[in-house]
Amino acid sequence: MNEIILTENETLRLQALRQYQILDTICETAFDDLTRLAAQICRTPIALISLIDESRQWFKSKVGLDSESTSRDLAFCAHAILQPHDTLIISDTLLDQRFATNPLVTSDPYIRFYAGAPLITPEGYALGTLCVIDHVPRQMNSEQLEALQALSRQVMTQMELKRNLYKLERITSNENKKIEYLISALSHDLRTPLLATRGTLYAMLGGAFGSVSDTWRDVLEDCRQANEDLLKFVEALLNVSRYKTEVSKSSKSEIINWKNIFTETIIRSNATRKQKYPIRYKIASFLPIVYGDALEIQQVVQTLLDNAVKVNNPDQEITLEVALFGVEKVKISVRYNGLGITPLDNKNLFNSFIQGRGRNHIDKLGLYLCLQIVEAHKGTINVESTVGEGTTFWFTLPVTLFKS
């Protein structure tokens with residue numbers, strides 16, 4: 001076994017790594033998309049998001065490799081984090097005495113080329129790398145190197161988002177100052193770079209940096225969509241935080257125009273998705289007037305529709321509907337076909353103050369915000385679902401709300 005080489009600030013580095021609570025977590029699309037893109041841009045069969053703890057390198061995301069982790073004393077990435085501000089590039093491992101006899105070189109996966117861009121926290125600690133690997137010696141051009149470094153920063157953006165979420169979960173209603181600080185941090189550290197990335201991706205898709213092949217257009221479009229989804233998530237997080245800090249929230253009192261709300265949410269949904277689903281709406285012929293904050297009610301409908309679009313079966317219709325519910329309420333529904341939600345997944349679906357994970361791709365943070373809005377309007381929200389048949393998210397509003 002080779003000797004493990006430690007960083008100068010190893011204790012503090014490991015403490016920082018633990019704060020992200022990411023080790024041994026399940027696969028997540030946001031990270032897998034970045035790994036896949038790194039492999040495609042650098043044209044390598046293997047790409048990894050590798051995190052270095054005391055004794056191993058563990059892979060949060062991987063392309064072209066089956067292993068979940070390797071021993072730290074064998075890890076190329078353990079060398080990469082020693083120089084956190086440089087990308088470690090090994091053009092031919094057999095010509096580098098540090099790695100020529102490494103078992104990862106002399107046996108499976110037979111590494112001959114390695115490039116690892118360190119994952120650097122805002123405090124300057126290197127937690128691991130986004131790396132690409134090949135079975136043959138090779139060189140990287142400047143564009144590939146810049147792309148790998150840019151993608152490593154996006155990995156850290158994702159990790160920062162997760163860390164801030166965990167902080168918010170521990171905050172009580174009496175810690176408003178801490179929430180306000182996090183709102184400011186999120187606005188500056190997450191929203192701003194995401195908006196910049198949006199502009200860059202639109203420019204690339206528009207040909208600002210040269211012609212784009214169909215293959216690369218698909219890849220860039222996937223990145224653009226992932227960036228849009230993350231922007232929506234950050235906006236939802238900021239809105240939830242505002243709801244938690246506003247002790248006496250003053251809601252607008254205006255007549256809710258259901259046709260305007262439904263048509264606007266459908267337009268917005270179609271504008272942000274490559275695949276368009278047939279979406280229709282139904283408004284009961286007779287409805288009593290409902291008063292409330294139209295923008296907030298539209299946000300609830302938009303969130304429920306966005307969830308439906310993510311998991312709806314191809315070519316299956318999504319239906320928005322508002323109808324009288326009992327005597328003093330209206331019921332707004334979003335119906336779609338998909339995998340459905342199991343009773344276990346349904347438990348506390350609207351009460352989880354963290355982004356949804358797992359097979360149903362439900363945006364739990366968005367649903368948490370929906371719960372806050374609906375309850376502020378004196379309504380209720382719920383879901384009815386049969387696995388394999390379909391799902392209906394619905395909420396109610398009282399017809400005399402805010403009426404003068």
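A hairpin connects S1 to S2 through three residues. S1 and S2 pair antiparallel over six bridges; to pair, two strands need at least two DSSP bridges between them. Helices (H or I, at least four residues) and strands (E, at least two) are DSSP runs, numbered from the N terminus.

Before going on, the ground rules. This is a predicted model, so to speak: local features need pLDDT of at least 70, side-chain atom pairs count only at pLDDT 80 or more, and totals for chains, interfaces and linings use all residues. Leucine 48 has cysteine 131 in S6 as its bridge partner. How many of the residues of S1 are buried? Seven of its seven, where buried means under 20% relative accessible area, exposed over 50%, and partly exposed in between (1.4 Å probe, protein chains only). Ile46, Leu48, Ser50 and Ile52 point one way, and Ala47, Ile49 and Leu51 the other.

Now the whole sheet. It is open, has six strands, and runs S3-S2-S1-S6-S5-S4 with antiparallel pairing. The edge strands are S3 (69–71) and S4 (88–90), each pairing on one side only. Neighbouring strands are turned by 25 degrees against each other on average, direction ignored. Axes here are lines fitted to C-alpha atoms, for helices over the stretch in contact, and angles run from 0 to 180 degrees between N-to-C directions. S5 (residues 113–120) and S6 (residues 126–134) are joined by eight bridges. There, phenylalanine 113 stands opposite aspartate 134 in S6.

What packs on this sheet? Helix H2 (residues 29–42), touching S1, S2 and S6; contact means heavy atoms within 4.5 Å. The direction of H2 makes about 80 degrees with that of S2. H2 has 14 residues and reaches 20 Å from first to last C-alpha, close to the 20 Å expected. The expected span is 1.5 Å times one less than the number of residues. Among the buried residues of H2 are Phe31, Leu34, Ala38 and Ile41. After H2 comes arginine 43, with a positive phi near 55 degrees.

Compare the setting of helix H9 (residues 294–311). Its 18 residues should span 26 Å, and its end C-alpha atoms are 26 Å apart, which agrees. Of those 18 residues, 15 are buried, so H9 is largely enclosed by the rest of the structure. Aspartate 293 caps the N-terminal end, with a side-chain oxygen 3.2 Å from the backbone nitrogen of leucine 295. That is a polar contact: N or O atoms within 3.5 Å; within protein, one must be able to donate a hydrogen and the other to accept it, and residues adjacent in sequence count only if both atoms are side-chain atoms.

Last, charges. The count is 20 salt bridges, each a side-chain nitrogen of Lys or Arg within 4 Å of a carboxyl oxygen of Asp or Glu. Glutamate 28 pairs with lysine 60, closest N and O atoms 2.8 Å apart. This pair links the loop between H1 (10–19) and H2 to strand S2, 32 residues apart. Glutamate 28 counts as buried at 15% relative accessibility, and lysine 60 at 2%.

Aspartate 53 and arginine 56 meet at 2.7 Å, N to O. Aspartate 53 is buried at 5%, arginine 56 at 19%.

Aspartate 92 and arginine 112 form another salt bridge, at 3.0 Å. They are 20 residues apart. Buried or partly exposed? Aspartate 92 is buried, at 16%, while arginine 112 is partly exposed, at 22%. Finally, shared partners join Glu10, Arg13 and Arg72 into one salt-bridge network.

How values were computed
Residues numbered from 1 in each chain as written. Heavy atoms only, no water.
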